[in-house]
Amino acid sequence: MLKLVDGAYGGPVIIDRRLTIIGPRGAVVDGLGEGSVMTIAAPDVILTGFTVTGSGRVNQNLDAGVKIIEGADRARIEGLMVTGNLHGVDVHGGRDAAVLTNEIIGTRSPRMNERGNGIYVWNSPGTRLERNRIRYGRDGIFSNASAKSYYRDNVMRDLRFAVHFMYTRNTEVTGNISIGNHLGFAIMFSDRTKIRNNLSLGDREHGLMLNYANNADVTGNLIRGGAKKCLFIYNAHKNVIWHNRFEGCGIGIHFTAGSEKNVLTDNAFITNREQVKYVGTRNMEWSHEGKGNFWSDHPAFDLNGDGVADSFYRPNDLMDQILWSQPAAGLLTGSPAVQLVRWSQRDFPATLPGGVRDSAPLMHSLTISVRPEILAYEAEAANRWTEGNHDDADSDDLSSH
């Protein structure tokens, strides 16, 4: 065991044998701008308590505060202050790593895509990322070509994506909090992900995106206050989306590109400016085994008191689809012709196009509580975006994802 005391320790450092290094926050390991500050190249290494800073800035080399390479299995990184680095922690091939309760503060260079990630996981099965606080940089957690991992109870603020999956499978994302990011949880080209009990608060583009994501379990999440979309589903299949609350977004759920065999039930769609955007000719049923979703704009009765509305819910009609495909037609929204079309579809349902129908809408919505500390962060993020004091240097970054 190596015990550090307060003071500066010059790097970079390569750890090539089993070793435990502990120290106070005032013990600072500084890479002096060259490569990765601490590279772990042996199994069963433990780093605890001190500060790691001063990595290089070469993105091609994934310069990081702490890098865990192939063969460096069972590394444990706990309670560090990781700041002033390109990437915070790069788990790059080491198996069964544990990255726990660290504070990771990324770079704030003008272009967001030129920054590094808080934690980058590549081909590292069994990784545990728990109770870390990550702020600034590009993505909070970027998981690429990895599997069988657990990302739990992390708080991520002021980033591009809080959690970003590419080609990741059998991985659990539970209890994480995304606040004031461009996008909360981006699950892309991934399979069998469990996305449970997370919060997306004030994320500006999407709270949750399923893009070529299949067989996911999306349960118990709160997505609130996004400027554009709470949930975006694009070419994603066989996902179970259950017991979530989607609130206060421009669009509650945008469902597109032939996504099939998804189950949506027991969710609450609350005061979204547009609850559902679905453009297609197929009929989609959004209830399951006699239980649908709660829709705050559904004026319904429940005469038998079973908690299910007596009338079905249908969010979109033919005019909605015309307005989405031909925005200029919005000038005619209040015209007698448009009102006649909507009246005829209401009274003659056979004239309706294919679309979403909830045959068993719920009368009561679920609630998901938020801790006071997190509410304060949410309010801070909302104020910052309202005042225009935010990082939008790469406002078009999301268009390529």
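Reader: In S27, which residue does phenylalanine 185 stand opposite?

Author: This is a predicted model, in which local features need pLDDT of at least 70 and side-chain atom pairs count only at pLDDT 80 or more, while totals for chains, interfaces and linings use all residues. Residues are numbered from 1 along each chain as its sequence is written, and side-chain values use heavy atoms, with hydrogens and water left out. Strand S24 (residues 183-188) pairs with S27 in the parallel sense over 5 bridges; strands (E, at least two residues) and helices (H or I, at least four) are DSSP runs numbered from the N terminus, and two strands pair if DSSP finds at least two bridges between them. In S27, the residue opposite phenylalanine 185 is leucine 208.

Reader: What is the bridge partner of leucine 210 in S30?

Author: S27 and S30 run parallel and are joined by 5 bridges. In S30, leucine 210 has as its bridge partner isoleucine 233.

Reader: How many residues of strand S27 are buried?

Author: Buried means under 20% relative accessible area, exposed over 50%, and partly exposed in between (1.4 Å probe, protein chains only). Strand S27 spans residues 206-211 and is largely enclosed by the rest of the structure, because the buried residues number 6 of the 6.

Reader: Is tyrosine 234 exposed or partly exposed?

Author: Tyrosine 234 lies in strand S30 (residues 229-234). Its relative accessibility is 33%, so tyrosine 234 counts as partly exposed.

Reader: Which residues have the most contacts inside the largest nonpolar core?

Author: A nonpolar core is a set of buried Ala, Val, Leu, Ile, Met, Phe, Trp, Tyr and Cys residues joined through side-chain atoms within 4.5 Å. The largest has 64 residues, and those with the most contacts inside it are Ile40, Leu47, Phe50 and Leu210.

Reader: Which strands stand at the edges of the open sheet of 12 strands?

Author: The sheet has parallel pairing and the order S1-S4-S7-S10-S13-S16-S19-S22-S25-S28-S31-S34. Each edge strand has a single partner strand, so one side of each is left without a neighbour in the sheet; these are S1 (2-3) and S34 (263-265).

Reader: What percentage of the residues of the chain count as buried?

Author: The chain contains 3 helices and 39 strands. Of its 401 residues, the share that counts as buried is 55%.
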